[in-house]
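Here are a few friendly notes to read with the structure open beside you. Take them one at a time and look for each feature as you go.

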Number of protein chains: 2
Amino acid sequence: IDSGDTGIKRGFRKAQRLKASDLQLRFCTNETQAARETFVAKLQRLGFDILVSEVFSPAPAAAAVLKERGLRPHLLVYDGLLPEFDSVDQSNPNCVVIGDAAEKFTYQNLNEAFRVLTDLEKPLLFSLGQGRYYKETDGLKLDVGAYMKALEYACDLKAEVVGKPSPTFFQSVLNDMGLQPHEALMIGDDLVNDVGGAQRCGMRGVQVRTGKYRPGDETHPAVTADATVDSLARAVDALLRQRQQTP
Amino acid sequence: IDSGDTGIKRGFRKAQRLKASDLQLRFCTNETQAARETFVAKLQRLGFDILVSEVFSPAPAAAAVLKERGLRPHLLVYDGLLPEFDSVDQSNPNCVVIGDAAEKFTYQNLNEAFRVLTDLEKPLLFSLGQGRYYKETDGLKLDVGAYMKALEYACDLKAEVVGKPSPTFFQSVLNDMGLQPHEALMIGDDLVNDVGGAQRCGMRGVQVRTGKYRPGDETHPAVTADATVDSLARAVDALLRQRQQTP
């Protein structure tokens, strides 16, 4: 389930009933401005029944990849995200990791990330998501994907995207549940990142008609959802109904 | 001739001999941080024999295009370049023009350019060049091309590039000289932007082994110079010699 979905609280309560059944539940978000501990605590204060261990986001996934491959990142991320990389050696960087750094996307910081990349024998760029833009109360903001493209062009390289829609990201969630792709279902509002990403990993993908959903999604040229439902609550209802029918 | 070439002063003096012959001379630069008046005055103070009317740069070319097409730009350019757009209506913008804005490439200014584009029914982005990066005394800097890519990705559009290597830019220089492409020769240090751009316009292109030249250029997969010479002075010598032989 994509936890960034709007109007989600009722669906969220319903989703807890999945846990009471024989199903496992995980939350997949591309949140890269805050560490999991922080935004899970915030959700808990808002009354959501959610645990850090149920949440998958790009930063811890990237931290795991970096440690696995012996990489030391130069980080261009939002300050709130830094705790996710506390356990990663950041001395003498041999790669660059960018997240949605917001105001930290300054001319100086972008030039610095670029210089670190060009100084490397084999430049390596990780991007925590590839979103184009998002909306805040004071207007639209360029998302990490735009800055990823700027660095890709300047360095003539292709970034490794960590987070949705990367299949390795979905696979890490499946690994955590001990499931095969065909045993899992992804529910989300973003056709390309939630539904398409999950499908590319071999999972089924259901789109909800809330949040980022646009009517054109149902005739999208590249991604066709396995089902489209009005809300997360409806998706959970259908899932539980189906589950009762096929024990 | 690309006026940004390094070690160019001797070649420049030689190039004046072209004017004394029956040949016409124009300087094509992708300079987008200063208005022509400013950088020509600087070159004159440094002892270069050069006139504003001989210099072609992206900003005046863009200003001409905007006026021709009745477009009103939102400008994201270096302050020093603004005078080039004094004669262009900038009220109620219906397109965005970006140049190498340097420190003006802030998170706020980029978001603002993005919002102007997304508010348009038909978003239209002009980029004054498409350079990846350049070197200054305090290190490498991302050039306008990187920011162009960021906005292209966020808005899902393709920018119109004004300046080298755009064929329309070279054509405007040919128009000024009243010449056909096959009657003109471009000399520059940048294989793709100077030589390749001129060739795509139907001109011949000569690369000099100075400035941005890299040995790999001579076996480049996409662009092959009509000739490669050690310096601008050598290029001019060869040109004058050839001119004397074929009157």
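Predicted model: local features only at pLDDT ≥ 70, side-chain atom pairs only at ≥ 80, totals over all residues.

1. A disulfide needs the two sulfur atoms within 2.5 Å. Cys28(B) also counts as buried, at 3% relative accessibility.

2. Now look at chain A. For Cys28(A), the closest cysteine sulfur is in Cys201(A), 10 Å away, so this pair is too far apart for a bond. Cys28(A) is buried, with a relative accessible area of 4%. How many disulfides are there over all chains? The count comes to 0.

3. Next, find the open sheet in chain B. Its 4 strands run in the order 3-4-5-8, with parallel pairing. Which strands stand at the edges? They are strand 3 (73-76) and strand 8 (160-162) of chain B; each has a single partner strand, so one side of each is left without a neighbour in the sheet. From one strand to the next, the twist averages 25°.

4. Strand 4 (residues 95-98) and strand 5 (residues 125-128) of chain B are joined in the parallel sense over 3 bridges. Val96(B) has Leu125(B), in strand 5 of chain B, as its bridge partner.

5. Helices come next. Helix 3 (residues 58-68) of chain B packs on the sheet and touches strand 3, strand 4, strand 5 and strand 8 of chain B. Its direction makes about 155° with that of strand 5 of chain B. Helix 5 (residues 144-155) of chain B lies across strand 4, strand 5 and strand 8 of chain B, at about 165° to strand 5 of chain B.

6. Compare that with the hairpin in chain B, where 2 residues link strand 6 to strand 7. Strand 6 (residues 133-136) and strand 7 (residues 139-142) of chain B pair in the antiparallel sense over 4 bridges. One to find is Tyr133(B), whose bridge partner in strand 7 of chain B is Leu142(B).

7. Finally, which residues touch the most other members of the largest nonpolar core? Among its 53 residues, they are Ile98(A) and Ile98(B). Elements giving two or more residues to this core include strand 4 (95-98) and helix 4 (107-119) of chain A, and helix 5 of chain B. Leaving out residues up to four places away in sequence, Ile98(B) touches several residues, including Leu76(B), Phe126(B), Met148(B) and Leu151(B).

Notes:
Residues numbered from 1 in each chain as written. Chains lettered and ligands numbered in written order. Heavy atoms only, no water. Pairing = 2+ DSSP bridges. Axes fitted to C-alpha atoms, helices over the stretch in contact; angles between N-to-C directions. Contact = heavy atoms within 4.5 Å. Buried < 20%, exposed > 50% of the residue type's maximum accessible area, 1.4 Å probe, protein only. Core = buried A, V, L, I, M, F, W, Y, C linked by side-chain atoms within 4.5 Å.
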